[in-house]
Amino acid sequence: MSDLTIFLVVLLLRLFVPLLILRYPLPAIIFALVLDAADQTIFQAWTDLDLTSYQSYDKALDVFYLAIAYIATFRNWRNATAVAAAVFLWYYRLIGVTAFELTEWRPLLLIFPNTFEYYFIAISVVQLRWNEQRLSPKTVVAIAAAIWVFIKLPQEYWIHIAQLDFTDFVKDD
């Protein structure tokens with residue numbers, strides 16, 4: 001396959017899969033997350049593409065699929081606190097991504113972590129077995145805080161400050 005073909009296949013998948021989030025929130029966002037995590041590795045392993053502007057391309061596609069997830073929260077969630085937390089997390093990250101694009105100062109992506117994504121997944125998992133309306137405000141905040149501190153901060157550090165990815169980890173280990 002040519003570099004252009006691989007690029008176009010990945011791009012089309014990153015544009016199409018998020019559209020499924022409105023109908024199939026959990027599996028579609030997980031697939032979008034996996035694509036997001038894998039695309040740079042795919043490009044590095046199977047193409048000779050110049051990845052100099054990869055970060056901007058990646059952030060734009062992240063905003064696209066997360067915007068669809070954001071819209072899905074209003075369509076699928078009934079817990080007002082869960083929705084309010086999603087709104088805060090969405091706009092908080094959007095401010096950080098915008099500031100990063102203007103300054104290219106990588107620590108902004110650590111300061112403004114993408115907690116919304118995993119929070120959306122967590123609430124979607126809750127909805128599989130329980131009525132998310134029964135989550136107390138304290139529980140909703142605890143879910144968001146736990147994801148922020150224990151999952152996203154280490155992940156954002158790994159990706160944006162240490163500038164490592166899974167490909168580097170596999171090569172070293």
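Here's a quick briefing on helix packing, nonpolar cores and a handful of individual residues in this structure. Keep in mind that the model is predicted. The largest nonpolar core has 33 residues, and α6 supplies the largest share of them, seven residues. Two helix pairs get a closer look below: α2 with α6, which run roughly antiparallel, and α4 with α7, which run roughly parallel.

**Helix pair α2 and α6**

- Two packed helices are described by the angle between their axes and the distance between the axes.
- For helix α2 (residues 25–46) and helix α6 (residues 115–129), the axes come within 9 Å and cross at roughly 150°.
- That angle is over 145 degrees, so α2 and α6 count as roughly antiparallel to each other.
- The crossing of α2 past α6 is left-handed.
- On the α2 side, the contact is made by Pro25, Leu26, Ile29, Ile30 and Leu33.
- On the α6 side, you'll find Glu117, Tyr118, Phe120, Ile121, Ser124, Val125 and Leu128.
- Sorted by class, this contact has 10 nonpolar residues, one polar and one charged.

**Helix pair α4 and α7**

- Here the axes come within 10 Å and cross at roughly 25°.
- With an angle under 35 degrees, α4 and α7 are therefore roughly parallel to each other.
- This time the crossing is right-handed, with α4 passing α7.
- α4 brings Thr81, Ala82, Ala85, Phe88, Leu89, Tyr92 and Arg93 to the contact.
- α7 brings Pro137, Val140, Ala144, Trp148, Glu156 and His160.
- The class count for α4 with α7 is nine nonpolar, two polar and two charged residues.

**Nonpolar cores**

- In the largest core, of 33 residues, those with the most contacts inside it are Ile21, Ile29, Tyr65, Trp77, Phe116, Tyr119 and Phe120.
- At least two residues of this core come from each of α2, α3, α4 (80–103), α6 and α7 (137–161).
- The largest share, seven residues, is from α6.
- Apart from this core lies another one, of six residues, among them Ile6, Val10, Tyr54 and Tyr57.

- Aspartate 62 sits in helix α3 (residues 54–76).
- At 7% relative accessibility, aspartate 62 falls under the 20% cut-off, so it counts as buried.
- Not counting residues up to four places away in sequence, aspartate 62 touches Arg14 and Asp36.
- Phenylalanine 64 lies in helix α3 too, but its relative accessibility is 28%, so it counts as partly exposed.
- Beyond residues up to four places away, phenylalanine 64 touches Arg14, Leu15, Pro18 and Leu19.
- Phenylalanine 64 and isoleucine 161 are 97 residues apart along the chain, and their C-alpha atoms are separated by 23 Å.

**Loop residues**

- Glutamate 104 is in the loop between α4 and α5 (107–111).
- Phi of glutamate 104 is near 60°, a positive value in a residue other than glycine.
- Its relative accessibility is 63%, so glutamate 104 counts as exposed.
- Glutamine 163 also has a positive phi, of about 55°, although it is not a glycine.
- Glutamine 163 belongs to the loop between α7 and α8 (166–172), and because its relative accessibility is 46%, it counts as partly exposed.
- Glutamine 133 is found in the loop between α6 and α7.
- At 45% relative accessibility, glutamine 133 counts as partly exposed.
- Setting aside residues up to four places away in sequence, glutamine 133 touches Arg78 and Asn79.

Key: Residues numbered from 1 in each chain as written. Predicted model: local features only at pLDDT ≥ 70, side-chain atom pairs only at ≥ 80, totals over all residues. Heavy atoms only, no water. Helix = DSSP H or I, 4+ residues; strand = E, 2+ residues; numbered from the N terminus. Buried < 20%, exposed > 50% of the residue type's maximum accessible area, 1.4 Å probe, protein only. Contact = heavy atoms within 4.5 Å. Axes fitted to C-alpha atoms, helices over the stretch in contact; angles between N-to-C directions. Parallel < 35°, antiparallel > 145°, perpendicular 65-115°, else oblique. Left-handed = near helix turned anticlockwise from the far one by under 90°. Nonpolar A, V, L, I, M, F, W, Y, C, P; charged D, E, K, R; others polar. Core = buried A, V, L, I, M, F, W, Y, C linked by side-chain atoms within 4.5 Å.
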